[in-house]
Amino acid sequence: MQLDVKICGLKTEQAVDHALSLGATHVGFIFFAKSPRHIEPVDAGRLADRVRGKAKIVSVSVDADNDELDEIIDLIRPDMLQLHGKESPDRVLNVKAVTGLPVIKAFSISEANDLKRIEAYDGIADRLLFDAKAPKNSELPGGNGVSFDWRLLGALDAHVDYMLSGGLNKDNVGEAIAIAHPGGIDVSSGVESSPGVKDLKLMDEFFAAVRRAMQAA
Ligand SMILES: O=C(O)c1ccccc1N[C@@H]1O[C@H](COP(=O)(O)O)[C@@H](O)[C@H]1O
């Protein structure tokens, strides 16, 4: 079983280098001003250069317009764009056409019905990402450190390739992998000591838990 591991919301050279040393396959940079993980594209560009060729560089944006995406793409030259807002299938098609980049489309999930929305993106999004629905009082569509019921994903067709995110951490990632069998996992706040501050020890423990889960699979 092959499992991609994406670490998201990195802001320092130390955290980027550590994620790479642990074997992260994807490194995400957040471009959303309200997030404690927001990074200016010019700073992300410097960090992305450390990642290039070692893992996939992922830009994470929320309902960004073309100008915003252009600036990000110019400065970080990502491998993939994660669209974490309410982007419609037409908008995803348009982003792909304009940028020429593959898109990871995020969906917020809290109940079985939420999975129906993915049908409209079939053949359009290059990869799906399932995150928990944001709590009502949150200003963030992701990065809230909350999980959803992974058993809901059992209803998906076996061919659906997706990444799982939402509140994953060293204590629950093994169970998440065992229940959902995702093609990839994505973690942000679960490897932080405080919002936006990545903790190297938590990153170590997270990857150790992932390795244990993979050995057991
Ligand atoms: O992390 C953020 O601050 C963020 C802001 C806006 C959109 C997406 C964001 N992060 C994504 O959220 C999920 C889950 O994060 P967590 O592990 O629950 O903290 C992940 O896909 C991040 O890419």
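How many residues surround the ligand, and which are the closest? Hello everyone, let's start there. The ligand has 27 residues around it, and the closest are S35, G142, G143, S188 and S189. A residue is near a molecule here if its C-beta atom, placed from the backbone, lies within 6 Å of it.

Before going on, two notes on what you are looking at. This is a predicted model, in which local features need pLDDT of at least 70 and side-chain atom pairs count only at pLDDT 80 or more, while totals for chains, interfaces and linings use all residues. Residues are numbered from 1 along each chain as its sequence is written.

Back to the ligand. Which elements give two or more residues to the shell? They are β2 (26-31), β6 (127-132) and β8 (184-187). When I name helices (H or I, at least four residues) or strands (E, at least two), I mean DSSP runs numbered from the N terminus. The shell divides into 10 nonpolar, 14 polar and 3 charged residues. In that count, Ala, Val, Leu, Ile, Met, Phe, Trp, Tyr, Cys and Pro are nonpolar, Asp, Glu, Lys and Arg are charged, and the others, Gly among them, are polar.

Let's stay with strand β2, where H26 is found. Is H26 buried or exposed? H26 is buried, because 23 other C-beta atoms lie within 10 Å. The cut-offs are these: buried takes 20 or more other C-beta atoms within 10 Å of the residue's own, exposed takes 12 or fewer, and partly exposed is in between, with C-beta atoms placed from the backbone. Leaving aside neighbours within four places in sequence, H26 is in contact with D4, K6, A55, K56 and V58. Contact means that the two C-beta atoms, placed from the backbone, lie within 7 Å. For V58, 32 residues away in sequence, the C-alpha to C-alpha distance from H26 is 6.7 Å.

Now for the nonpolar core. The largest one has 57 residues, and V27 and F29 touch the most other members. Helix α6 (residues 200-216) gives the largest share of this core, 5 residues. By nonpolar core I mean a set of buried Ala, Val, Leu, Ile, Met, Phe, Trp, Tyr and Cys residues joined through C-beta atoms within 7 Å. In soluble globular proteins, nonpolar side chains tend to be buried together. Beyond four places in sequence, the contacts of V27 are I7, L10, V16, A19, V51, A55, I57 and V58.

Helix α6 also holds A209. A209 counts as buried because it has 20 C-beta neighbours inside 10 Å. Apart from neighbours within four places in sequence, A209 is in contact with K170, V173 and G174. A209 and G174 are 35 residues apart in sequence, yet 6.1 Å apart in space, C-alpha to C-alpha.

Next, helix α2 (residues 41-51). Which of its residues are buried? They are A44, L47, A48 and V51. These four are on the same side of α2, because they cover an arc of only 110° around the axis; the arc is that of the directions from the helix axis to the C-beta atoms. An α-helix has 3.6 residues a turn, so residues three or four places apart point the same way. The buried residues of α2 pack against α1 (13-22), β2, β3 (56-61) and α3. D43, also in α2, is partly exposed, with 14 other C-beta atoms within 10 Å. Just after the helix, G53 takes a positive phi of about 85°.

Where else do we find a positive phi? R77 has one of about 45°, although it is not a glycine. R77 lies in the loop between α3 (66-76) and β4 (80-83) and is partly exposed, with 14 other C-beta atoms within 10 Å. H181 has a positive phi of about 50° and is not a glycine either. H181 is in the loop between α5 (173-180) and β8, and counts as partly exposed because it has 15 C-beta neighbours inside 10 Å.

Finally, a word from the record. An unreviewed UniProt entry places the feature "domain: N-(5'phosphoribosyl) anthranilate isomerase (PRAI)" at residues 5-208; such annotations may be inferred rather than shown by experiment, feature names are shortened, and positions are given in the numbering used here. That span is 29% helix and 22% strand, and its end C-alpha atoms lie 12 Å apart.
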